[in-house]
Amino acid sequence: MDSIVSTGKAIRWSKEEVSTLVTLVTGSIDIIKGKFSPGLSSSDKTKCWDSITESINSCNIQPRSITQVKKKWLDLQSDARKKENKRRRDSLMTGGGPAPPEIDSNELKIISVTSDAAISGLESGYDSLAKPKNFIQFHEEGEPSVLKNPETAEANLSAALPTREKNDTEKRLILSPVRKETKNYPVPSSSELLLEVEKEKLKVKKEKLELEKKKFALKQENQEVYRRQREEKLELLKQGIAMKKRGLELFEDYVKLKKMKFSNDLSDVMLSPIIKMINEN
């Protein structure tokens with residue numbers, strides 16, 4: 001499948017193609033994202049992508065390669081993660097502001113197979129649970145020195161810092177951690193995924209059938225126009241033949257008149273001597 005070479009400008013992905021891609025990938029996520037094991041090899045993943053690409057190409061005029069299909073999936077996954085991350089951050093904000101971005105059905109399917117860590121990531125760029133490799137301690141002279149034992153350095157630093165008693169508000173905040181609202185999206189079953197794929201295929205077939213009907217109607221209309229043009233040409237040809245026939249008849253009448261006139265002139269010529277003799281006598 002990856003031997004397909006695109007020529008010219010790539011055709012944009014249709015809604016049916018995107019829906020089919022998301023449905024098939026989320027339904028086969030255990031194979032695509034699964035760890036390699038005796039029951040799951042690299043060839044199994046390749047066959048899975050081959051099957052997905054073949055299903056997409058079955059409802060598309062322009063064939064797409066596995067590389068194009070994988071890239072489209074990564075783009076869709078990245079967009080869905082960004083929108084969900086923004087939606088979660090906006091839901092924690094208080095007061096007014098713009099409405100959170102709407103998430104469509106395809107993005108819901110993508111989010112359902114994406115981990116929270118991949119969506120939200122670290123709240124800040126620093127992991128508070130990880131201990132630093134080197135801990136810097138400042139001497140009285142103000143010159144830093146790197147200690148090899150971070151735990152001892154932390155203890156020394158804690159002892160050197162001034163402490164104060166926490167008030168009631170701070171104690172309540174410590175005892176009552178902030179709870180983030182998380183929304184669990186339903187994960188569709190394999191039968192539902194197959195049903196969605198079949199619905200998309202039927203929708204594509206229906207659109208193709210409508211297109212064939214329009215082509216057939218246009219063909220019949222063209223045939224009707226061609227038939228009318230032929231009839232008009234035939235009628236003009238008949239009229240031309242009739243006019244030529246009438247002209248031929250008029251020409252024949254003209255010839256007859258000429259013959260009659262010639263005969264009369266000839267009779268006059270032949271009778272003129274006789275008439276002359278009679279007149280002389």
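Modeller: This is a predicted model. The residue to start with is R88, which sits in helix 4, residues 66–92.

Biologist: Is R88 buried or exposed?

Modeller: A residue counts as buried when its relative accessible area is under 20%. R88 has a value of 15%, so R88 is buried.

Biologist: Which side chain does R88 join in a polar contact?

Modeller: The partner is E84, and the contact between the two side chains is 2.9 Å.

Biologist: Now to helix pairs. At what angle do helix 4 and helix 5 pack?

Modeller: Angles from 65 to 115 degrees count as roughly perpendicular. Helix 5 covers residues 105–112, and its angle to helix 4 is about 90°, with the axes 9 Å apart. The two helices are therefore roughly perpendicular to each other.

Biologist: Which residues meet there, in helix 4 and in helix 5?

Modeller: Helix 4 brings W73, L76, Q77, A80, K83 and E84, while helix 5 brings E107, I110 and I111. By class, the contact of helix 4 with helix 5 has five nonpolar, one polar and three charged residues. E84 in this list is also the residue whose side chain joins that of R88.

Biologist: How far apart are the axes of helix 1 and helix 3, and at what angle do they pack?

Modeller: Helix 1 spans residues 15–27 and helix 3 spans residues 42–57; their axes are 10 Å apart and the angle is about 155°. An angle over 145 degrees counts as roughly antiparallel, so helix 1 is roughly antiparallel to helix 3. Their crossing is right-handed.

Biologist: Which residues of helix 1 and helix 3 make the contact?

Modeller: From helix 1 they are E17, T20, L21, L24 and V25; from helix 3, W49, I52, S55 and I56. Six of these residues are nonpolar, two are polar and one is charged.

Biologist: How many helices and strands does the protein chain have?

Modeller: There are nine helices and two strands. Along the sequence they follow the pattern α-α-α-α-α-α-β-β-α-α-α.

Biologist: What share of the residues in the protein chain is buried?

Modeller: Of the 281 residues, 19% are buried. As for contacts between residues at least 6 apart in sequence, 60% join residues at least 24 apart.

Terms used: Residues are numbered from 1 along each chain as its sequence is written. This is a predicted model: local features need pLDDT of at least 70, side-chain atom pairs count only at pLDDT 80 or more; totals for chains, interfaces and linings use all residues. Side-chain values use heavy atoms; hydrogens and water are left out. Helices (H or I, at least four residues) and strands (E, at least two) are DSSP runs, numbered from the N terminus. Buried means under 20% relative accessible area, exposed over 50%, partly exposed in between (1.4 Å probe, protein chains only). A polar contact is a pair of N or O atoms within 3.5 Å; within protein, one must be able to donate a hydrogen and the other to accept it, and residues adjacent in sequence count only if both atoms are side-chain atoms. Axes are lines fitted to C-alpha atoms, for helices over the stretch in contact, and angles run from 0 to 180 degrees between N-to-C directions. Angles under 35 degrees count as roughly parallel, over 145 as roughly antiparallel, 65 to 115 as roughly perpendicular and the rest as oblique. A crossing is left-handed if the near helix is turned anticlockwise from the far one by less than a right angle, and right-handed if clockwise. Contact means heavy atoms within 4.5 Å. Ala, Val, Leu, Ile, Met, Phe, Trp, Tyr, Cys and Pro count as nonpolar, Asp, Glu, Lys and Arg as charged, and the others, Gly among them, as polar.
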